[in-house]
Amino acid sequence: MKHLVVLAALLLSGPALAQSAGKPAWGPGADDAAFAAMLKTSFKDKGIAKLDRLTQDETQAFCSDPGAASGPAAAAQREKIEAANMATVKWPSDGKWLGDWKEGEKLAQSGRGLTWTDKADQPNGANCYNCHQITPQEISHGTIGPSLLGYGKVRGTSEDALKATWAKIWNAKASNACSLMPRSGHMGILGEAQIRHLMALLLDPQSPVNK
Amino acid sequence: MDRKSLGVAAFLALAAAGATTAYAQKDKALESIDAYREALQDGNPAELYEATGEELWKTPAGPKNASLEKCDLGLGAGVVQGAYAQLPRHFADTDRVQDLESRLLTCMETLQGKDPKPYIQASFKDPPKEEMNALSAYISGLSKGMPINVRPTHPKELAMVELGRRMFFFEGGPYDFSCATCHGQEGTRIRMQELPYIPSAKGAASGWTSWPAYRVSSGEMWSMQWRINDCFRQQRFPEPVYASDATIALSLYMAATASGATMKTPGIKR
């Protein structure tokens with residue numbers, strides 16, 4: 001049953017991709033049906049990582065053909081996908097934007113969560129240091145994303161800056177259809193309270209990010 | 001983030017008190033570099049696994065009490081020298097594209113009469129997989145210093161390399177990750193770990209010429225299937241079935257992209 005869903009998702013997304021590329025993206029033998037058949041025999045559930053993770057949403061399907069997704073012909077589709085992701089952003093329920101930067105630092109440090117060796121009841125880390133430089137003290141940081149050193153000093157804490165940063169963390173695809181950054185709020189990786197702490201890490205004048 | 005950096009991350013999360021974290025991380029990093037150097041001085045511990053693998057290859061076993069010495073790895077029955085450098089490839093007898101490990105399963109079944117299921121289902125640390133890891137070390141060692149020669153021509157190879165490229169860019173799971181998230185840009189890192197840009201010949205070669213490898217951080221001999229399996233774990237995907245088509249397709253995509261580069265297997269890694 002699950003496999004059928006995967007297949008259906010692929011078949012639905014396929015034609016749209018091919019159209020935006022102007023020609024089939026993948027060579028002979030790697031069309032949607034062949035690819036879906038390969039997925040079906042190649043994976044199995046393990047721990048919390050179930051087969052339904054192979055069922056793509058529209059954003060994932062679109063971004064899985066980077067050549068087509070980044071081209072000028074797909075500009076309108078990128079905008080559509082960004083708007084759909086923006087519509088998923090849940091704003092802070094009590095109007096408070098900033099939590100405790102120290103809690104945010106702990107979350108940013110932790111890369112744990114959602115692999116097949118993790119347990120469902122463990123809280124997830126936020127993974128931020130895997131991709132970003134954040135505080136000057138932490139030298140072990142990734143470089144897939146831009147440095148966030150001095151983020152709050154540059155942006156300030158205007159309503160616009162608060163909203164843009166919240167939206168980036170909640171759903172990174174709202175401002176960049178095929179961002180490499182996970183959609184932490186939208187995918188249920190992090191909750192509202194955790195995002196508030198990460199907001200403080202980036203924007204609180206007391207945070208080492210802005211010292 | 002592999003087991004090691006998860007450990008480091010968890011440790012740091014506990015110790016996260018500003019300035020001390022940088023030092024803690026540094027010590028940890030230096031420690032692992034020291035262990036790495038030490039291991040290099042004593043020679044690559046993969047040699048021990050190569051010896052075990054050679055014995056497994058030559059010793060009669062299974063219901064048919066036969067060795068694997070007549071196994072055809074692509075250069076004819078019994079030819080091991082240079083065989084790894086031209087895998088994965090299409091095999092006429094199975095009419096499938098196979099990597100080393102799936103081909104070994106075929107030979108174990110046909111020559112030795114063994115049931116491949118326990119080999120497929122065992123975890124990478126259990127005895128059946130230890131056999132596969134050792135065999136991989138031995139066979140890949142006999143291609144050391146040789147150029148990779150993987151140039152898809154058979155229609156099934158041409159299809160498989162495209163399926164592999166498509167798999168490489170296929171996003172999914174709660175993090176929207178694909179192989180390309182971590183290996184699709186030039187010169188990036190996860191924490192301090194440098195990530196090869198696999199769609200380039202140089203990046204593909206960095207991975208393909210050095211696995212199977214002995215991992216100093218865990219003291220284990222990892223086959224290429226294990227390497228790919230752990231990257232899917234980091235990708236937050238469900239588990240790839242051992243020697244399944246998706247893993248072979250990715251392998252063929254990497255090997256074909258790296259074709260011409262010189263094999264350094266079995267490698268030694270952090």
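Here are questions and answers on a predicted model with chains A and B.

Residues are numbered from 1 along each chain as written, and chains are lettered from A, ligands numbered from 1, in the order written. Local features need pLDDT of at least 70, side-chain atom pairs count only at pLDDT 80 or more, and totals for chains, interfaces and linings use all residues; side-chain values use heavy atoms, without hydrogens and water.

Student: How many helices and strands are there in chain A?
Tutor: Helices (H or I, at least four residues) and strands (E, at least two) are DSSP runs, numbered from the N terminus. Along the sequence the pattern is α-α-β-α-α-α-α-α-α-α-α. The count for chain A is 10 helices and 1 strand.

Student: What area is buried between chain A and chain B?
Tutor: Buried area is the accessible area (1.4 Å probe) that two parts lose on being put together, summed over both. Carbon and sulfur atoms give 61% of it here. In chain A, the residues that lose the most are A:Trp26, A:Phe43 and A:Trp116, together 13% of what that side buries. The area is about 5100 Å².

Student: How many residues does the contact take from chain A and from chain B?
Tutor: Contact means heavy atoms within 4.5 Å. The contact takes 57 residues from chain A and 52 residues from chain B.

Student: Which residue stands opposite A:Lys44 in S7(B)?
Tutor: Two strands pair if DSSP finds at least two bridges between them. S1(A) and S7(B), residues 239-240, pair in the antiparallel sense over 2 bridges. A salt bridge is a side-chain nitrogen of Lys or Arg within 4 Å of a carboxyl oxygen of Asp or Glu. A:Lys44 has such a bridge (3.4 Å, N to O), and its partner is also the residue opposite, B:Glu239.

Student: Why does the pair A:Lys173 and B:Asp176 join two chains?
Tutor: Their side chains meet in a salt bridge (2.9 Å, N to O). A:Lys173 lies in the loop between H9 and H10 of chain A, and B:Asp176 in the loop between H7 and H8 of chain B, so the pair joins two chains.

Student: Is A:Lys173 buried or exposed?
Tutor: Buried means under 20% relative accessible area, exposed over 50%, partly exposed in between (1.4 Å probe, protein chains only). A:Lys173 has 1% relative accessibility, so A:Lys173 counts as buried.

Student: Which residues are linked with A:Lys173 in a network of salt bridges?
Tutor: One of them is B:Asp176 from chain B.
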